[in-house]
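Colleague: I am new to this one. Please walk me through the labels and show what stands behind each.

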Amino acid sequence: MGQRNHSNLVLSFHLPFQSLFLAIPILSIFPSHLPSNFSINRMEGSTGMSEAWPMVERNGTQLMTKDEPFVIHGFNTYWLMVFAVDPETRHKITDVFSEAKEAGLNTCRTWAFNDGGWRALQVSPFNYDEEVLQALDFVLSEARKHRIRLILSLCNNWSDYGGRSQYVKWGQESGLDLTSDDDFFSDTTLKSYYKGFVEAVLTRTNTITNIEYKNDATILAWEIINEPRCPSDPSGDTLQAWIEEMSAFVKSIDPVHLVQVGLEGFYGPSTPELMKLNPDDYSGVVGTDFIRNHQAPSIDLASVHIYPDVWLSHSDQDDHIKFVQNWMDQHMSDSKDRLNMPIVFAEFGISIRDERFGAGFRELFMDTVYGTFLRSLETGGPGGGCILWQLFPEGAEHMDDGYAVVLAKYPSTFSLVSLQSKRLSDGAST
């Protein structure tokens, strides 16, 4: 999500939100059956890391592991690497993976960057903290033990955890004449900083598993930047050139793993007829373009986010649900017919601190996202999957900005997520 919710880790504390235990009936919007050959790729046991574990690959609009379809049923927990640095909080990584596995989740999206500042991975250009890198090693090793795939994001559009603004500051400190954070996408020196960081991560050998990152099947995909925007060039040319250059650079080092951009999904100038589907007029002039950006040759997965609580100013819950369905349906149609690639709804969430909503509506929203994706999948739509923003273990509530889902505190939400796992796993009918 945007800058609102990537708060600096334990630098600010909040009291845990009260557990509401609101139970609502699970809507009967899931398909009554799935294709006979369809199943989610089941997570193997967590014993022994020498077990063969195939890479997730792309076959047209579907994801596969060997000859078996793979559908992402996932969660975001962005702060895993930073928590892993401190021995007193490292166990939270194990906790969140254990709880996710219990609910049947199979993929986690998390940050593999922290640029400058507290517990920085990238202390300065071409200077990386080995202690933080070893913390990232631990995150990968724990994910592997629990048979949970990872989508690793390599940079942030926003200033949380440094992001492109930190790259610009480094450039200014070195004497470059830079005037905007958007210079991140065009300045040759800043691009060399980014490429140096990417190469350091992709070519690293994990100190725990002894597996190079670029050869590790734990990693499902690399995400080149979280929620990029370049509003200084609404034509989209600047961001498009950066996406093409950086995705190709990732592939030049690691031709095996999948690559996604990290877009929010706004339609741009290449499809003016679709811009009316954006949540507002501004979304169409921030320099992103869902169709064009994903036509970059080295991009494998279409990525979309869903935040009706932030994007829509009105409070009508029915309108929010309709927006979600229309937003997803159009993007899934485009992913299949225009892009011929799987689609990942890589962030979807509702803040229960918003007075317009609550835990009950959040479950309705989640149910809508899951059901809309499954209906499409059942009728031949693109593969990919959905990744909830965001899953927290108990004891990390001081990090919560309203979007955290603590499954132990919301039994009905745990049931909803587990039901989705079951439907993906065995195609059981309602």
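**Labels and their grounds**

Modeller: Start with two helices. Helix α4 (residues 163-173) packs against helix α5 (residues 188-202) at an angle of about 120 degrees, and their axes are 9 Å apart. Axes are lines fitted to C-alpha atoms, for helices over the stretch in contact, and angles run from 0 to 180 degrees between N-to-C directions. This is a predicted model: local features need pLDDT of at least 70, side-chain atom pairs count only at pLDDT 80 or more, and totals for chains, interfaces and linings use all residues. Residues are numbered from 1 along each chain as its sequence is written, and side-chain values use heavy atoms, with hydrogens and water left out.

Colleague: Why are α4 and α5 called oblique to each other?

Modeller: Angles under 35 degrees count as roughly parallel, over 145 as roughly antiparallel, 65 to 115 as roughly perpendicular and the rest as oblique. The angle here is about 120 degrees. Therefore α4 and α5 are oblique to each other.

Colleague: Which residues of α4 and α5 make the contact?

Modeller: Contact means heavy atoms within 4.5 Å. Tyr167, Val168, Trp170 and Gly171 of α4 take part, with Leu190, Tyr193, Tyr194 and Phe197 of α5. By class, the contact has seven nonpolar, one polar and no charged residues. Ala, Val, Leu, Ile, Met, Phe, Trp, Tyr, Cys and Pro count as nonpolar, Asp, Glu, Lys and Arg as charged, and the others, Gly among them, as polar.

Colleague: Why is the pair of Trp111 and Phe113 called stacked?

Modeller: Rings of Phe, Tyr and Trp (its six-membered ring) pair if their centres lie within 6.5 Å; planes under 30 degrees apart count as stacked, over 60 as edge-to-face and the rest as tilted. The structure holds 31 aromatic pairs. Trp111 and Phe113 sit 5.2 Å centre to centre, with 25 degrees between the planes, and the pair is stacked. Trp111 is at 1% relative accessibility, so Trp111 counts as buried. Phe113 is at 0%, so Phe113 counts as buried too.

Colleague: Where is Tyr307 placed?

Modeller: Tyr307 is in the loop between β11 (302-306) and α8 (308-311). Its relative accessible area is 2%, so Tyr307 is buried. Tyr307 belongs to one aromatic cluster, whose members include Trp311 and Tyr403.

Colleague: How many helices and strands are there in the protein?

Modeller: There are eleven helices and 13 strands. Helices (H or I, at least four residues) and strands (E, at least two) are DSSP runs, numbered from the N terminus. Buried residues make up 61% of the 430 residues.

Key
Buried means under 20% relative accessible area, exposed over 50%, partly exposed in between (1.4 Å probe, protein chains only).
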